[in-house]
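Please look at the sequence and the structure below before reading on.

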Amino acid sequence: FPYHAHAAMWEFYWVLSGSGFLRLESGQHSIQAGDFFMCAPGEPHQLAAAGEDLEYVVISDNVMADLAHYPDSRKWNAKPGRRIFRDVVDYYDGEET
């Protein structure tokens, strides 16, 4: 999945098999079977396999409403409804004064 951060959702990852990389703001970290870690709301993250299948379990609180930000592509995803958008406007843009 793309590098992203949730506004409200916590995610716990447990790597079952394989190896790969965890990308965080602090850099790229090697991961392997047996590793586990938590991604807090607002913490961008991405997992990638290292040439083999990477099997992992994700446990999240699966909040009813959330915004996901994709820093690389500057997109946002709104849940519920899976609305993806990219335009940035001023707070008062389109408002009558």
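**The chain as a whole**

The structure is a predicted model. Its protein chain holds 0 helices and 10 strands, and from the N terminus on the order of elements is therefore simply β-β-β-β-β-β-β-β-β-β. The radius of gyration of the protein chain is 16 Å, well over the 13 Å that the globule rule gives for 97 residues, so the chain is more spread out than a compact globule. Along the principal axes, the C-alpha trace of the protein chain spans about 55 × 25 × 20 Å.

Of the 97 residues in the protein chain, 26% are buried. The protein chain exposes about 6,800 Å², and carbon and sulfur atoms supply 53% of that area. When contacts between residues at least 6 apart in sequence are considered, 57% of them join residues at least 24 apart.

**The largest pocket**

Which residues line the largest pocket? The lining is made up of His4, His6, Met9, Asp66, Leu67, Ala68, Tyr70, Asn77, Ala78, Lys79 and Arg82, and the space in this pocket comes to about 160 Å³. Two elements give two or more residues to the lining, namely strand E8 (66-70) and strand E9 (75-79). The largest share, 4 residues, comes from E8. Sorted by class, the lining of the largest pocket has 5 nonpolar, 3 polar and 3 charged residues.

Ala65 belongs to the loop between strand E7 (55-60) and E8. With a relative accessible area of 49%, Ala65 is partly exposed, because a residue counts as exposed only over 50%. Apart from residues up to four places away in sequence, Ala65 touches Ala8, Lys79 and Pro80. Of these, Lys79 is also part of the lining of the largest pocket, and the peptide bond from Lys79 to Pro80 is cis, with omega near 5°. Pro80 itself is found in the loop between E9 and strand E10 (83-85).

Asn62, placed in the loop between E7 and E8, has a phi near 40°, a positive value in a residue other than glycine. Arg74, found in the loop between E8 and E9, has a positive phi of about 60° although it is not a glycine. At 56% relative accessibility, Arg74 counts as exposed.

Is Val15 buried or exposed? At 1% relative accessibility, Val15 counts as buried, whereas Phe12 is partly exposed, with a relative accessible area of 26%. The cut-off matters here, because buried means under 20% relative accessible area.

Leaving aside neighbours within four places in sequence, Phe12 is in contact with Phe36, Phe37, Met38, Val57, Val58 and Ile59. On the same terms, the contacts of Val15 are Ile31, Gln32, Ala33, Gly34, Asp35, Phe37, Leu54, Glu55 and Tyr56.

Arg83 lies in strand E10 and, at 59% relative accessibility, counts as exposed. With neighbours within four places in sequence left aside, Arg83 is in contact with Trp76, Asn77 and Ala78. Among these partners, Asn77 and Ala78 also line the largest pocket.

**Separations in sequence and in space**

| Pair | Apart along the chain | C-alpha to C-alpha distance |
|---|---|---|
| Phe12 and Glu43 | 31 residues | 12 Å |
| Ala65 and Ser30 | 35 residues | 31 Å |
| Val15 and Asp72 | 57 residues | 25 Å |
| Arg83 and Ser19 | 64 residues | 32 Å |

Conventions: Residues numbered from 1 in each chain as written. Predicted model: local features only at pLDDT ≥ 70, side-chain atom pairs only at ≥ 80, totals over all residues. Heavy atoms only, no water. 1 Å grid on protein atoms, 1.4 Å probe; cavity = no way out; pocket = protein on both sides within 12 Å on 5 of 7 lines; lining within 4 Å. Points joined across faces, edges and corners; volume = space filled by probe spheres on them. Nonpolar A, V, L, I, M, F, W, Y, C, P; charged D, E, K, R; others polar. Rg over C-alpha atoms; globule rule 2.2 N^0.38 Å. Buried < 20%, exposed > 50% of the residue type's maximum accessible area, 1.4 Å probe, protein only. Contact = heavy atoms within 4.5 Å. Areas by Shrake-Rupley, 256 points an atom, 1.4 Å probe, with all protein chains shown as cover.
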